[in-house]
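Please look through the sequence and the model shown here before reading on.

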Amino acid sequence: MTATAWPEGVIARYLTVGGATVDVSEMSSYYDRTDPTSSVAICLGCDKREVIEWTQSLWSYSENDYVEVTDEGGEYSTPKVREWAQAHAEKCRSMPKPE
């Protein structure tokens, strides 16, 4: 079996039970930015996906205001998306889509 090159930007790849892949990447969630702002996993068989943005506005009850929470470089989000990708791949029976 010969390994094929991963698509550009893919940082992790998981094989589903059916033979499709779940690709993990970091991408921008904004149309006017190119730097990564979220971690993304997409099943190339069934199209299910998990997206976690690195910066979120959260309501702070103690401050009575919105607070920006930043996950610098996806240090928290990327491992969480990888966990989702692996769990999905372990049960997804989707086959690769024809090229």
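A residue is called buried when its relative accessible area is under 20%, exposed when over 50%, and partly exposed in between, with a 1.4 Å probe and protein chains only. By that rule Cys43, at 0% relative accessibility, counts as buried, and buried residues make up 31% of the 99 residues in the protein chain. This is a predicted model, in which local features need pLDDT of at least 70 and side-chain atom pairs count only at pLDDT 80 or more, whereas totals for chains, interfaces and linings use all residues. Residues are numbered from 1 along each chain as its sequence is written, and side-chain values use heavy atoms, with hydrogens and water left out.

Contact here means heavy atoms within 4.5 Å. Of the contacts in the protein chain with a separation of 6 or more, 42% are between residues 24 or more positions apart. The protein chain exposes about 7,200 Å², of which carbon and sulfur atoms supply 52%, the areas coming from the Shrake-Rupley method with a 1.4 Å probe and, for residues, with only the protein chains shown counting as cover.

What of the cysteines? A disulfide is a pair of cysteine sulfur atoms within 2.5 Å, and a search of the whole structure finds zero of them. Cys43 is in no disulfide, its nearest cysteine sulfur being that of Cys46, 3.7 Å away. Cys46 is likewise in no disulfide, with the sulfur of Cys43 at 3.7 Å; Cys46 is partly exposed, with a relative accessible area of 30%. Cys46 lies in the loop between strand 3 (38-43) and strand 4 (49-53), and, leaving aside residues up to four places away in sequence, Cys46 touches His88, Cys92 and Ser94. Cys46 and Met95 are 49 residues apart in sequence, yet their C-alpha atoms are 8.2 Å apart in space.

In soluble globular proteins, nonpolar side chains tend to be buried together. A nonpolar core is defined as a set of buried Ala, Val, Leu, Ile, Met, Phe, Trp, Tyr and Cys residues joined through side-chain atoms within 4.5 Å. The largest such core has 11 residues, including Cys43, Ile52, Val81 and Cys92. Strand 1 (10-15), strand 2 (21-27), strand 3 and helix 1 (77-91) each supply at least two residues of this core, and the largest share, three residues, comes from helix 1. Among the residues that Ile52 touches, not counting those up to four places away in sequence, are Ser77, Lys80 and Val81.

The structure also holds three salt bridges, a salt bridge being a side-chain nitrogen of Lys or Arg within 4 Å of a carboxyl oxygen of Asp or Glu. Arg13 and Asp23 meet in one of them, at 2.7 Å from N to O, and this pair links Arg13 in strand 1 with Asp23 in strand 2, 10 residues apart. Arg13 counts as partly exposed at 25% relative accessibility, whereas Asp23, at 8%, counts as buried. Asp47 forms a salt bridge with Lys97, the closest N and O atoms being 2.9 Å apart; the pair joins the loop between strand 3 and strand 4 to the segment after helix 1, 50 residues apart. Glu83 and Lys80 meet at 4.0 Å, N to O, and both lie in helix 1, three residues apart, about one turn of the helix.

Conventions. Helix = DSSP H or I, 4+ residues; strand = E, 2+ residues; numbered from the N terminus.
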